[in-house]
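Here's a quick tour of a protein model for anyone meeting it for the first time. Have a look at the structure, then follow the notes below.

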Amino acid sequence: MKSLEIVGFKRANLGKKEAKQLRLDSYVPCVMYGAGEQVHFSAPAILFRELLYTPEVHIVDLNVEGTVYRAIVQDAQFHPVNEMLLHVDFLQLQDGKEVKMDIPVKYIGTSPGVQQGGKLISKLRKVKVKALPENLPDYVEVNISELELGKSIKVSKVQPTNYTILTNPLAPIATVAIPRALKGAMAGGDK
């Protein structure tokens, strides 16, 4: 799994007024928890671009005034109107302790249903996974080489290695939809 460094500065004052001033100065208020102590800090908003605005997942090396912590993003809050990043929660990683994380889905293979004119519809873009930090995958591979027209592939079909999938096993990951034109041709061909 890729790692990314974020440099932060401890926050002396906690509260709405100070958080608002930080945001005006292009900083994002953050908190890191998980190993007993909570660390409140702020970091420049520009550093979050590669972390939050990509489909990839990263382990973050948080450098808070010289002390480095390994963590993952637990939650990010955005403004409902202007999409400005308001707050980020980090979970500190501990050796030997499993963490839960949303991992992106990657399709492998070619679907026969798509080759016949169907449309691949992604139902789940991410799957919740539980694993030790060193076993967290970059993505979850989903083989769609047997996906026919009108059929779905479910979470239960995914074979995890060194991690556990927590998403409902009956949830569909991808479906091959039959377009209207193809339905008409299939109905006309049946007569």
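Let's start with arginine 11, which touches Ala19, Leu22, Pro29, Cys30, His40, Phe41 and Ser42, leaving aside residues up to four places away in sequence; contact here means heavy atoms within 4.5 Å. Bear in mind that this is a predicted model: local features need pLDDT of at least 70, side-chain atom pairs count only at pLDDT 80 or more, and totals for chains, interfaces and linings use all residues. Residues are numbered from 1 along each chain as its sequence is written, and side-chain values use heavy atoms, with hydrogens and water left out.

**Arginine 11**

- You'll find arginine 11 in the loop between β1 (2-10) and α1 (16-24); helices (H or I, at least four residues) and strands (E, at least two) are DSSP runs, numbered from the N terminus.
- Arginine 11 is buried yet has no salt bridge. Buried means under 20% relative accessible area, exposed over 50%, and partly exposed in between (1.4 Å probe, protein chains only).
- A salt bridge is a side-chain nitrogen of Lys or Arg within 4 Å of a carboxyl oxygen of Asp or Glu.
- For arginine 11, the nearest side chain of opposite charge is glutamate 18, 6.6 Å away. Lys and Arg count as positive and Asp and Glu as negative, while His and the chain ends are not counted.

**Nonpolar cores**

- The largest nonpolar core has 27 residues, and Ile72, Ile103, Val129, Leu136, Val142, Ile165 and Ile173 have the most contacts inside it. Such a core is a set of buried Ala, Val, Leu, Ile, Met, Phe, Trp, Tyr and Cys residues joined through side-chain atoms within 4.5 Å.
- At least two residues of this core come from each of β7 (99-108), β9 (126-131), β10 (140-143) and β13 (172-177), and β7 gives the most, with four residues.
- Another core, of 18 residues, lies apart from it, and Leu4, Val39, Phe41 and Ala71 are among its members.

**How β7 pairs up**

- β7 and β9 pair in the antiparallel sense over six bridges; two strands pair if DSSP finds at least two bridges between them.
- Within that pairing, isoleucine 103 stands opposite valine 127 in β9.
- β7 and β10 run parallel and are joined by four bridges, with lysine 106 opposite glutamate 141 in β10.

**Salt bridges**

- How many salt bridges does a search of the whole structure find? There are two.
- One joins lysine 130 to glutamate 98, with the closest N and O atoms 3.8 Å apart. Lysine 130 is in strand β9 and glutamate 98 in the loop between β6 (85-92) and β7, so to speak a link between distant parts of the chain, 32 residues apart.
- Lysine 128 also forms one with aspartate 102, where the closest N and O atoms are 3.6 Å apart. Lysine 128 lies in strand β9 and aspartate 102 in strand β7, so this pair ties together parts 26 residues apart in sequence.

**Aromatic rings**

- The count comes to four aromatic pairs: rings of Phe, Tyr and Trp (its six-membered ring) pair if their centres lie within 6.5 Å, and planes under 30 degrees apart count as stacked, over 60 as edge-to-face and the rest as tilted.
- The rings of tyrosine 53 and phenylalanine 78 are edge-to-face, because their centres are 6.1 Å apart and their planes are at 65 degrees.
- Phe41, Phe48 and Phe90 form one aromatic cluster.
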